[in-house]
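Good morning, colleagues. Please take a moment to look at the sequence and the structure on the screen.

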Amino acid sequence: MLLQGRNLIQPEDFSIKEIDEILSLAQNIIDDPSKYSRICEGKVLATLFYEPSTRTRLSFEAAMCRLGGKIVGFSEPSSSSVSKGESLGDTIRTVACYSDAIVMRHPVAGSAAEAAQYSDVPFINAGDGGNQHPTQTLTDLLTIKSLKGSLENHTIGICGDLKNGRTVHSLVKAMARYQNTKFVFISPEELQMPDYIKEAIKGHEYHETNNLDDVIDSLDVLYMTRVQRERFEDQEEYERLKDCYILNATKMNNAKKDMLVMHPLPRVNEIDVDVDSDERAVYFKQAKYGMFARMSLIMKLLGVGTQRNEIEERKCINA
Ligand code: NCD
């Protein structure tokens with residue numbers, strides 16, 4: 001099926017083959033970004049952020065700028081008609097009149113699927129509450145594929161707030177589709193991976209522990225996450241759990257020489273800055289891969305650059 005015109009609410013919305021196409025195009029963009037710098041000329045991307053964001057919003061906006069398109073939207077719902085009581089459905093219907101695709105982040109789990117029903121342009125979920133974050137997953141897959149050479153045969157440790165972290169819910173569901181992926185879920189008991197995610201990867205090998213030191217030497221990728229303060233009802237519980245894992249250079253001594261340390265960012269305390277200079281720490285590279293993954297996704301959903309000629313033509317205009 002063509003990706004043009006589709007929505008992305010959760011990773012399973014796209015087949016492995018389609019994800020592969022997105023990752024391949026992202027790689028082509030990385031190899032020669034100038035070839036794509038005007039491919040979205042005349043197109044408008046709307047970014048509606050009802051929740052704070054640095055990387056996701058700016059990387060979408062940078063992605064569209066680097067494709068030659070334009071951006072409209074808000075980073076603060078208080079500056080939109082939402083503050084006058086407008087419904088989500090009405091906002092989406094209106095924004096779809098002005099744009100060629102919509103990116104939305106919202107604090108309510110399930111809001112992306114609901115909002116997408118009102119959009120007649122491609123709709124991209126940029127995080128809905130503690131539920132899913134599929135474009136972070138495209139970022140993560142591109143990072144692993146580029147730096148490890150393949151998405152198969154990896155043991156992935158996922159550490160931190162596995163209950164509330166939407167990035168890891170999407171990542172686990174996506175990685176479970178690749179051959180011989182093994183998961184190690186590392187969290188305190190209160191923040192374990194939800195049952196619905198474990199159910200979704202049934203048949204796959206996974207192991208749960210609360211001790212990072214015990215398992216770090218077995219991992220090919222260690223995906224750290226922050227404890228999600230904004231999702232806690234009980235702030236005392238947050239205070240008690242917030243520093244449950246702190247990765248540092250001493251702990252890294254026990255890890256494989258080629259283990260990747262990933263993190264969707266923002267980091268709070270869970271990775272000590274003394275890890276930043278370790279070449280296995282790839283979280284800032286990962287942020288950069290995110291922009292390329294999003295450039296590719298925008299192109300695919302808008303259906304631009306599907307013809308080789310189109311890219312060649314634009315390249316000539318550019319020259
Ligand atoms: C994540 C998010 O918003 O879920 N950030 C991001 O998009 N890179 C992770 C987080 O906030 O902890």
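I shall describe the division of the chain and then the surroundings of the ligand.

This is a predicted model, in which local features need pLDDT of at least 70, side-chain atom pairs count only at pLDDT 80 or more, and totals for chains, interfaces and linings use all residues. Residues are numbered from 1 along each chain as its sequence is written, and side-chain values use heavy atoms, with hydrogens and water left out.

The chain is divided into domain 1 (11–133 + 290–308) and domain 2 (135–285), with bounds from an automatic or database domain assignment. Their contact (heavy atoms within 4.5 Å) takes 33 residues from domain 1 and 26 residues from domain 2. The centres of the two domains, taken over C-alpha atoms, are separated by 25 Å.

Let us turn to the ligand. Which residues surround the ligand? They are T56, R105, H133, Q136, R166, T167, R226, Q228, P264, L265 and P266, where being near means having a heavy atom within 4 Å. Each of domain 1 and domain 2 supplies at least three residues to this shell.

A side-chain N or O atom of R166 is 2.7 Å from an oxygen atom of the ligand. A polar backbone atom of L265 lies 2.9 Å from a ligand nitrogen atom, and a polar side-chain atom of Q136 lies 3.2 Å from a nitrogen atom of the ligand.

Methods
A polar contact is a pair of N or O atoms within 3.5 Å; within protein, one must be able to donate a hydrogen and the other to accept it, and residues adjacent in sequence count only if both atoms are side-chain atoms.
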